[in-house]
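Trainee: I would like to go through this chain one question at a time. Please put the cut-offs in as we go.

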Amino acid sequence: MIREALRLYGRYAEEFVEALHLCPWAASARRSGAADVRVLLEERPGSATDAVLADAAPALDVLILVYPRARAERRPWEREVAAVRERLGKTPAFALAAFHPDARPDPSTPARLVPFVRKSPDPTIQAIRFRALDAVRKRDDAGSRFVDPATVDLGTLLSGPPPAPPLHERVAAKNLAILRELGLGEAERILAAIHADRSRSYP
């Protein structure tokens, strides 16, 4: 099961996320050796999950935790991931995101499409070091500068361009544009082939 879970996640990462450029760090982290994928046989994230996150090598920027035995539906799975986030404490090294195989495409807004982009073959946790997120933010925000509110004219400041949206909103908006251009039907076809592979392989 571990070998198959790794293979299936690899298909999702390479054929969907990386091939369509849906993540700003996935491909570069994998190529540089700063990413790792682990399969955990817990039915819900527990002590093994906490240990893997606590013991992650400092060089790892992206850690993917795959749970092929998890049976939680998407909303309960998201609550499970939120519980892991709580256990990491007030100064966590990683930002966590919940991925789950049960998600239909909703292109009405960028945020509503996010669960579909995260439609991994198995329930999964994506852990990204905050330093990696900060590096992407700094790269995307190149040209911005610190403004001292004590010395700036408020009228001049308000007449300037609005601040850039948060990174997660920019990624979601870009992904919506990519999948609309590709066609949601084609995106569904790619994911359906991977999920059908899972159904054949695990029994």
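Trainee: In which strand does Q126 lie?

Mentor: This is a predicted model, in which local features need pLDDT of at least 70, side-chain atom pairs count only at pLDDT 80 or more, and totals for chains, interfaces and linings use all residues. Residues are numbered from 1 along each chain as its sequence is written, and side-chain values use heavy atoms, with hydrogens and water left out. Helices (H or I, at least four residues) and strands (E, at least two) are DSSP runs, numbered from the N terminus. The run covering residues 124-129 holds Q126, and that strand is β4.

Trainee: Is Q126 buried or exposed?

Mentor: Buried means under 20% relative accessible area, exposed over 50%, and partly exposed in between, with a 1.4 Å probe and protein chains only. The relative accessible area of Q126 is 12%, so Q126 is buried.

Trainee: Which residues does Q126 touch, not counting residues up to four places away in sequence?

Mentor: Contact means heavy atoms within 4.5 Å. With residues up to four places away in sequence left out, Q126 touches W25, L63, I64, A95, L96, A97 and F99.

Trainee: What is the volume of the largest pocket?

Mentor: On a 1 Å grid over the protein atoms alone, a cavity is a set of points where a 1.4 Å probe fits but cannot get out, while a pocket is an open set with protein on both sides within 12 Å along at least five of seven lines; lining residues have an atom within 4 Å of a point. Grid points are joined across faces, edges and corners, and a volume is the space filled by probe spheres set on the points. For the largest pocket that volume is about 1,200 Å³.

Trainee: Which residues that line the largest pocket are the closest to its centre?

Mentor: The lining of the largest pocket has 50 residues. Closest to the centre are W25, A97, F99, R118 and Q126.

Trainee: Which helix gives the largest share of the lining of the largest pocket?

Mentor: Ala, Val, Leu, Ile, Met, Phe, Trp, Tyr, Cys and Pro count as nonpolar, Asp, Glu, Lys and Arg as charged, and the others, Gly among them, as polar. By these classes the lining has 35 nonpolar, 5 polar and 10 charged residues. The largest share is 8 residues, and it comes from the helix at residues 2-18, α1.

Trainee: How is α1 oriented relative to α9?

Mentor: Axes are lines fitted to C-alpha atoms, for helices over the stretch in contact, and angles run from 0 to 180 degrees between N-to-C directions. Angles under 35 degrees count as roughly parallel, over 145 as roughly antiparallel, 65 to 115 as roughly perpendicular and the rest as oblique. The axes of α1 and α9 (residues 184-201) are 10 Å apart, at an angle of about 175°. Therefore α1 and α9 are roughly antiparallel.

Trainee: Which residues of α1 and α9 make the contact?

Mentor: By class, this contact has 8 nonpolar, 1 polar and 6 charged residues. From α1 come E4, R7, L8, R11, Y12, E15 and F16, and from α9 come A187, I190, L191, A193, I194, D197, R198 and S201.

Trainee: How are α5 and α8 oriented to each other?

Mentor: The axes of α5 (residues 110-117) and α8 (residues 167-182) come within 9 Å and cross at roughly 70°. In the contact, P110, L113, V114, F116 and V117 of α5 meet A172, A173, N175, L176 and L179 of α8. By class there are 9 nonpolar, 1 polar and no charged residues. The two helices are therefore roughly perpendicular.

Trainee: How far apart are the C-alpha atoms of L22 and A172?

Mentor: L22 is in the loop between α1 and α2, and is buried at a relative accessible area of 4%. Among the residues L22 touches are V117, N175 and L179. L22 and A172 are 150 residues apart along the chain, and their C-alpha atoms are separated by 8.7 Å.

Trainee: Is H21 buried or exposed?

Mentor: H21 lies in the loop between α1 and α2. Its phi is near 60°, a positive value in a residue other than glycine. The relative accessibility of H21 is 54%, so H21 counts as exposed.
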